[in-house]
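I set down here, in order, what I looked up in this structure. The entries are brief and are meant for a reader who has not seen it before.

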Amino acid sequence: MIILMRTCAFIEFLHEHLRYPFTTRGGFITFDKDGRTFLLDAYTGQLMAHPTLPSDRMLSRIMKRNCPTCYYNGEVDPATSCRRYLIEGFINPQRICVVADLPGNERYPSVREMNVNLGGVDLTLTQAKILSILVSIQENLLPTDVIEKIAKVPSGYQHSWKDCPFYRNGTDLRVHLIQRNIARQVRKRRFLGILKDWQYLSKAHFNVGVSYFDKRIEALQGELRRIS
């Protein structure tokens, strides 16, 4: 008899058949490896990682020391904000790869064969890939491109934890972005002069364009003075 495995039953299946320790928290299968904590979404197969925290006390210290002025913590977009991850005890997890299921009940032949070998269970394609990722990380069998992405995530062994490794001061970052925008407007203004010199732009249109860019540059410089 083939049994369609729900997510909770799938996690129980992993606990029963795998010798690697892991926990489930916030919908993630979590485990530590080489100074990093991996978050494997139990529903979608999305893999993320962040430095392993030595203690919950350090997380509290980071939240008090860095979060109030951190650019990422102030973001309202859930795709870039780490606030919701901090609530679960994770520090701005970095995305490694995404696993998507096929539509409907479509299966690859290899998945059918795997289910037969597993004793008649019926894992979805996503569940099969979650199982594969979990084993591959623990057994060091990941492909090179995935290993390179993981290597970019700071390891907990490399930091003294005085500061969050992903901390970005909001004011400094805004200053940097405004300076880049000013440089962009200056380049556009200079380009108007080139067009006028080559007679591709009339003097009247040139004056209108210069006036516009001068006002934009002045406004940006005023904003820069206010925050710095």
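**Entry 1**

I looked up Asn-140 and found it exposed, at 58% relative accessibility; I took exposed as over 50% relative accessible area, buried as under 20% and partly exposed as in between, with a 1.4 Å probe and protein chains only. The model is predicted, so I kept to its limits: local features need pLDDT of at least 70, side-chain atom pairs count only at pLDDT 80 or more, and totals for chains, interfaces and linings use all residues. Residues are numbered from 1 along each chain as its sequence is written, and side-chain values use heavy atoms, with hydrogens and water left out.

Asn-140 sits in the loop that runs between helix H6 (125-138) and H7. I read helices (H or I, at least four residues) and strands (E, at least two) as DSSP runs, numbered from the N terminus. The phi of Asn-140 is near 55°, a positive value in a residue other than glycine. Most residues other than glycine have a negative phi.

I then turned to Asp-34, whose phi is likewise positive and near 55°. Asp-34 belongs to the loop between E3 and E4 and is partly exposed, with a relative accessible area of 49%.

**Entry 2: the second largest pocket**

Which residues line the second largest pocket? I found Asp-34 and Asn-140 in its lining, together with Lys-33, Arg-36, Phe-38, Ile-137, Leu-142, Ile-147, Ile-150 and Ala-151. On a 1 Å grid over the protein atoms alone, a pocket is an open set of points with protein on both sides within 12 Å along at least five of seven lines, a cavity is a set where a 1.4 Å probe fits but cannot get out, and lining residues have an atom within 4 Å of a point.

The second largest pocket holds about 170 Å³ of space; grid points are joined across faces, edges and corners, and a volume is the space filled by probe spheres set on the points. Strand E4 (36-41) and helix H7 (144-151) each give at least two residues to this lining, and H7 gives the most, with three. I noted six nonpolar, one polar and three charged residues there; Ala, Val, Leu, Ile, Met, Phe, Trp, Tyr, Cys and Pro count as nonpolar, Asp, Glu, Lys and Arg as charged, and the others, Gly among them, as polar.

**Entry 3: the largest pocket**

The largest pocket has a volume of about 200 Å³. Of its 14 lining residues, Arg-25, Asp-32, Thr-37, Gly-89 and Phe-90 are the closest to its centre. Strand E2 (23-25), strand E3 (28-33) and helix H2 (56-65) are the elements that give two or more residues to the lining, and E3 has the largest share, with three. By class I recorded four nonpolar, seven polar and three charged residues.

**Entry 4: the cavity**

How many cavities of 30 Å³ or more are there? I found one, and the largest cavity has a volume of about 90 Å³. Among the 13 residues that line it, the closest to its centre are Cys-67, Cys-82, Leu-86, Ile-91 and Cys-164. Its lining has ten nonpolar, three polar and no charged residues.

**Entry 5: cysteines and the whole chain**

I searched the whole structure for disulfides (pairs of cysteine sulfur atoms within 2.5 Å) and found zero. Cys-8 is exposed, at 52% relative accessible area, whereas Cys-97 is partly exposed, at 21%.

The protein chain has nine helices and seven strands, and 41% of its 228 residues are buried.
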